[in-house]
Amino acid sequence: MSKVRVRFAPSPTGGLHLGGVRTVLYNYLFAKKQGGDFIVRIEDTDQTRFVAGAEDYIFNCLKWCGMEPDESPLHGGPYAPYRQSERKELYRKYAEQLISNGFAYYAFDTPEDLEKMRNDFKTAENPSPQYDGNVRMQMKNSLTLPEDEVKKLLAENARHVVRIKMPAGETISFTDMIHHEVSFDSSLVDDKVLLKADGMPTYHLAVVVDDYLMKITHAFRGEEWLSSAPVHVLLWKYLFGLDNMPQWAHLPLIMGPSGKLSKRDGAKYGFPVFAMNWTDPKTSELTEGFKERGFLPEAFINLLAVLGWNDGTEQELYSMEELIENFSMDRVHAAGAKFDFEKAKWFNHEWIKKLPVTNYEARVKEIFESKGIEIKDDIYFTKVLELVKERCPLLTDFFDQAVFFYITPASYDEASVKPKWENDKNDFFAELVTKYNSTADWNISSIETEFKNLATEKNIKVGELQMILRVMLVGTKMGPGVFVIAEAIGNAETVNRIEKARVYFSSH
RNA sequence: GCCGCGUUGGUCAAGGGGUUAAGACGCCUCCCUUUCACGGAGGAAUCACGGGUUCGAAUCCCGUACGUGGUACCA
């Protein structure tokens, strides 16, 4: 059996969303599991939709996710070029081969002609007429025009396209790795354009020709392509033989709160849809990415992998290696899945807890510095992150959960302290400051022992005092153990914060 | 409209003729902590509907409904 080769074939028209990344992932996992090659081919046959920077952006996303292609326009490879716009000259000959075999034809209809046809044939039962067997003989094409006129038009370079001539009354079927037998009635499929007036192929021709030329063995794509699969199957049959056709798998769609997930859903419902931040160069509109929202690539990959796939066990957390080991296409769900941001955050939290802080502290450091907190002591920073990570589902949560390790609170949760602030409390903290000022060995147990001894001596409930101490050090009722915080921020700063708060509470 | 695909709790899902119909997220209660989390123990909540087939259907078949994708010289 020949080596497994799969491809991800994006068109560089904008950001890379969830569904796209999952398509790459399944391609990648399948290829790596079989020891095959993962190819990225850029499908840029529509120059009107070209967006500057989109291709680089896609490769950046793949890099962030840890999925490096074996072949691509960036990585090179034996089947270059990997950009369809650079392969333009290749396609025409296949289109012409189809025509000479009677499987396709030239069509000279103008956009106005097409619009007229759609209008003329439009009825209540058929709101969107297709260019198909029912109308093709009434259009302007090499099937209806006299041969010499066709020759003449071609000779004078009249604008034309090449369309596939869909046969009538055939059942076109194929085996999909996820949906199993899928079949279509060829009479109901339209004469899709194969080669456009500008000489570029459409997706339909290009995908078949390139998959053949690049020796692709398995072709995975979103389910939105299933409807046009009969065109591709026929093209394979006419051009290269069904025996050489790759195995198809049409992946279930990832749904948003209302229908197929779109980038609009992100802004609308408050969660990212793209892998990384994407700014449209034309409109300057920014669409948020999972990365910038505070996701770890490990979590992003993990949550995408199990959205539509499971290995039949109860395992939910998988590293890339484990995914490669366990992935199989036949356990991919046929039904679409609705994306749940709450669960996505849970995955991220699990990975934050699981991975050593050193794995992501550089990113957290950037967040702190962008908010004006300079990190000078990396050892201390690591320790701080370690202390708060179980309350941070997102990387961006670390700031709020840990700023107080760096700055003295500017305000206090007065509602919690005020009702309990009486003279005995004031005295207690005044004495505590004196004691702490002379504490020689500043560690958690000495801090706690001194505190509790003094409380016992003063006959005040320890718990109540601890709560007040917390508010004094943190500002609010949050964070790790109070004495742990005191130890971390140090003797001088602890004393400083207690004294500042004591004065504040006594005068308010 | 037509064509394709799909349908197990709110969400992700296991299970594919006989099960008390797993598990996870979320939600609720309790424990832990006089904080917030983490962790632990419980709880509410599901086989779209109608017909078959069968001793027995969440599981097989047929309809219906609903959802979703396509219906471009876009991918």
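Visitor: What makes the approach of Lys338 to a phosphate oxygen of RNA strand B a polar contact?

Guide: A polar contact is a pair of N or O atoms within 3.5 Å. In this predicted model, a backbone N or O atom of Lys338 lies 2.9 Å from a phosphate oxygen of RNA strand B, so the pair meets the definition. The side chain of Lys353 also has an N or O atom, 3.2 Å from a sugar or linking oxygen of RNA strand B.

Visitor: On what basis are the values and numbers given?

Guide: Local features need pLDDT of at least 70, side-chain atom pairs count only at pLDDT 80 or more, and totals for chains, interfaces and linings use all residues, while side-chain values use heavy atoms, without hydrogens and water. Residues are numbered from 1 along each chain as its sequence is written, chains are lettered from A and ligands numbered from 1 in the order in which they are written.

Visitor: Why are H18 and H19 called oblique to each other?

Guide: Angles under 35 degrees count as roughly parallel, over 145 as roughly antiparallel, 65 to 115 as roughly perpendicular and the rest as oblique. Helix H18 (residues 444-458) and H19 pack at about 130°, with axes 10 Å apart; H18 and H19 are therefore oblique.

Visitor: Which residues of H18 and H19 make the contact?

Guide: Contact means heavy atoms within 4.5 Å. Phe451, Lys452 and Ala455 of H18 meet Val462, Leu465, Gln466 and Leu469 of H19.

Technical notes:
Polar contact = N/O pair within 3.5 Å; in protein donor to acceptor, adjacent residues only side chain to side chain. Axes fitted to C-alpha atoms, helices over the stretch in contact; angles between N-to-C directions. Helix = DSSP H or I, 4+ residues; strand = E, 2+ residues; numbered from the N terminus.
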